[in-house]
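Student: I should like to learn how to read the features of a model such as this one. May we take them in turn?

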Amino acid sequence: MNTLRTFRPVKSISTALIALLVLVPMMVAPVAAQEVGGDPDDVTGDASTDNFEGILNNMYDVVMTGLRYVGLIALAAGGVLYFTARKNSDRAENGMKIGIGGVALTLFYFGMNTVIGLLEYIAGGA
């Protein structure tokens, strides 16, 4: 009796996906976009720069957190794809591209941190 073998990639990847969905929210700070201190009910509508600086700081925190974790996850996913490709050259190529993208994001994270630190030093900030 000849039976066809069926390939079910979802079954083999489901554990990794569940682990990823559980671990990523635990690693990423869920309060990165929330303002530290201040009264959230204070809606005075004044045109001071305090609110604008708070918004910019929150955007900076969100971008830096995103760059850090997306870059590291892409680096890990690219490495896994590349090393598990066996004889499938398309999969190895995709893994290499994802891994290089992860390295680029991680380097951009450190470079952006350095440039922002230099600008703060030049401006005389903290």
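Tutor: We shall go from overall confidence and fold to individual residues.

Student: What is the average pLDDT of the chain, and which helix has the lowest confidence?

Tutor: This is a predicted model, so confidence is read before geometry. Where pLDDT is low, the predicted coordinates should not be read in detail. Here the chain averages a pLDDT of 75, and 60% of the residues score at least 70. Confidence is lowest in helix α1 (residues 9-27), with a mean of 63, and highest in α3, with a mean of 89.

Student: How many helices and strands does the chain have?

Tutor: The chain has 3 helices and 0 strands, and along the sequence the pattern reads α-α-α.

Student: What do the contacts and the surface say about the chain as a whole?

Tutor: For contacts, one considers the separation in sequence of the residues involved. Among the contacts in the chain with a separation of 6 or more, 71% are between residues 24 or more positions apart. For the surface, the accessible area of the chain comes to about 10400 Å², and carbon and sulfur atoms contribute 67% of that area. Of the 126 residues, 13% count as buried.

Student: Is Thr106 buried or exposed, and which residues does it touch?

Tutor: Burial is judged by relative accessible area, and the cut-off for buried is under 20%. Thr106, which lies in helix α3, has a relative accessibility of 16% and therefore counts as buried. Leaving aside residues up to four places away in sequence, Thr106 touches Gly71 and Leu72.

Student: Which residues does Leu105 touch, and how far apart in space are Leu105 and Ala74?

Tutor: Leu105 is also placed in helix α3. With residues up to four places away in sequence again not counted, Leu105 touches Leu67, Val70 and Gly71. Leu105 and Ala74 are 31 residues apart in sequence, while their C-alpha atoms are 8.7 Å apart in space. Leu105 is partly exposed, because its relative accessible area is 29%, which lies between the limits for buried, under 20%, and exposed, over 50%.

Student: How many aromatic pairs does the structure hold, and how is the geometry of each one read?

Tutor: One reads the distance between ring centres together with the angle between ring planes; planes over 60 degrees apart count as edge-to-face. The structure holds 2 aromatic pairs. In one of them, the rings of Tyr82 and Phe83 have centres 5.3 Å apart and planes at 80°, so this pair is edge-to-face. Tyr82 is partly exposed, with a relative accessible area of 37%, whereas Phe83 is exposed at 70%. The rings of Tyr109 and Phe110 have centres 5.0 Å apart and planes at 65°, so that pair is edge-to-face as well. Tyr109 is buried, with a relative accessible area of 12%, while Phe110 counts as partly exposed at 48%.

Student: Where is Tyr121 found, and why does it count as exposed?

Tutor: Tyr121 is found in helix α3, which covers residues 89-123. Tyr121 counts as exposed because its relative accessible area is 68%, and the cut-off for exposed is over 50%.

Key: Residues are numbered from 1 along each chain as its sequence is written. This is a predicted model: local features need pLDDT of at least 70, side-chain atom pairs count only at pLDDT 80 or more; totals for chains, interfaces and linings use all residues. Side-chain values use heavy atoms; hydrogens and water are left out. Helices (H or I, at least four residues) and strands (E, at least two) are DSSP runs, numbered from the N terminus. Buried means under 20% relative accessible area, exposed over 50%, partly exposed in between (1.4 Å probe, protein chains only). Rings of Phe, Tyr and Trp (its six-membered ring) pair if their centres lie within 6.5 Å; planes under 30 degrees apart count as stacked, over 60 as edge-to-face and the rest as tilted. pLDDT is the predictor's confidence in each residue, from 0 to 100. Contact means heavy atoms within 4.5 Å. Accessible areas come from the Shrake-Rupley method with a 1.4 Å probe; for residues, only the protein chains shown count as cover.
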